[in-house]
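Visitor: Hi! Could you walk me through this one?
Guide: Happy to, let's bring it up.

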Amino acid sequence: MDLSTITKLLNSDSVSEIAKKSGTNSNDVQNVISNALPTLLSSLQSNANSKTGASSLSKALDDHASDDISDISSFLKNVDLKDGQKILSHILGSNTNSVQNNISSNTGVSSDSIQTILSSLSPMLLTLLGQEKNSSSSGIDLSSILSGLLGTDTTTTKAATTAKKTTATKNSTTKAASTAKKTTSTKTSTTKAASTAKKTTATKKAATTKAASTAKKTTATKAATTKAATTAKKTTATKKAATTKATSTAKKTTATKKAATTKAASTAKKTTATKKAATTKAATTAKKTTATKTTKSTESTISDGISNVLMSGISSLLKTKK
C-alpha cells in the first residue's frame, strides 16, 4: 500500500462529504489532504519508532481495523469528528496547531476547516493501517508499513543514519583541531580585549563626566525655566488683579456718575418747580396789585365826582342867595 491507494479511495463523493462538514469545496479538501498526508504519516512513523509509541499506535490500529470502509462516502458521512480530533491530537501531539497553520498558509484554507478535514480523515487512515497490519503475513512491523507509504526503505534509512554518524565523527575531529586554533587565537584576543577594555573604561569615564556636566546644566536650565514660569504666573496674577481692580473702579465711577446725574435731574426738577411756583405767585401778586389799583382808581373817580357835585351844588346855592 502506498499514498496513491489512500488518495484513490477518496473519490468525488467522499471528498464532497468532507467538504460539506468543513464548509469548503472539493478542491480545497483535496489540497489539504495532499499537504497533510505526508505529515500525518511521518508523525505516525515517529511514534512507531519508540517502544511506548509503537505499543500505543498498535492498540489504536487494532481498535479501528474492524471499521467498515467499503463505502468510504458513507463512512465519512457518519464519521465521529470528536474521535477524529482525539486521534489527530495523538498523531501530531504538541505540533497540532503549527501543522494546521502551515497547511493553512500553503492552501489558503482556514485552520478551523483544516481541523475538520483532518478529523474526518484520521479515523479512516487508522482503519486502513490497521487492516494492512492485520493482513500482513510476513510480520512486517508498523515502521516498515509507514516507510512504504512514505516511499522510504528502512534498511536504506539505517545505512544513511550510520553514514551521518561517521561523517559527524570526522566533523568532530576537524572541529577539535579548529577549536585548538581558536583557543590560541582566543588568548591573543584576550590580551587585545584587555587593552580595549582599558580604553573603553577611560571612554566611559569621560562620557560619565560629560554626562554629569550636561545633567547639571540641564538641571540649571530646568530651574531657570521653573523660575520663569513662576514669574510669569505672578505677572499674570498681578495683571489679573489690576484688571479686576480697574473693572471695580470703573463700575464705582459709573455708579457715581449715574447717582450724580440722577441727583442733578432731581435738582433740576425741583428748580423748575420752584420757578414755576414763583412765576405763579408773581402772577397772582400782579393780579392782586392790578385789582387794588383798579379799586383805588374807581374810588378816586367816585370821590372826585362827589366833590364836583357838592361844589356845583354849593355854587348854585350861593348864586340863589344873591
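Guide: First, a term: helices (H or I, at least four residues) and strands (E, at least two) are DSSP runs, numbered from the N terminus. This is a predicted model, where local features need pLDDT of at least 70, side-chain atom pairs count only at pLDDT 80 or more, and totals for chains, interfaces and linings use all residues. Residues are numbered from 1 along each chain as its sequence is written, and side-chain values use heavy atoms, leaving out hydrogens and water.

Visitor: New topic: what volume does the largest pocket have?
Guide: About 270 Å³, the space filled by probe spheres set on grid points joined across faces, edges and corners. A pocket is an open set of points on a 1 Å grid over the protein atoms alone, where a 1.4 Å probe fits, with protein on both sides within 12 Å along at least five of seven lines; lining residues have an atom within 4 Å of a point.

Visitor: Which residues are closest to its centre?
Guide: Of the 13 lining residues, those are S56, L57, A60, I87 and H90.

Visitor: Which helices supply the lining?
Guide: α3 (26-48), α4 (51-64) and α6 (81-92) each supply at least two residues. α4 gives the most, with six.
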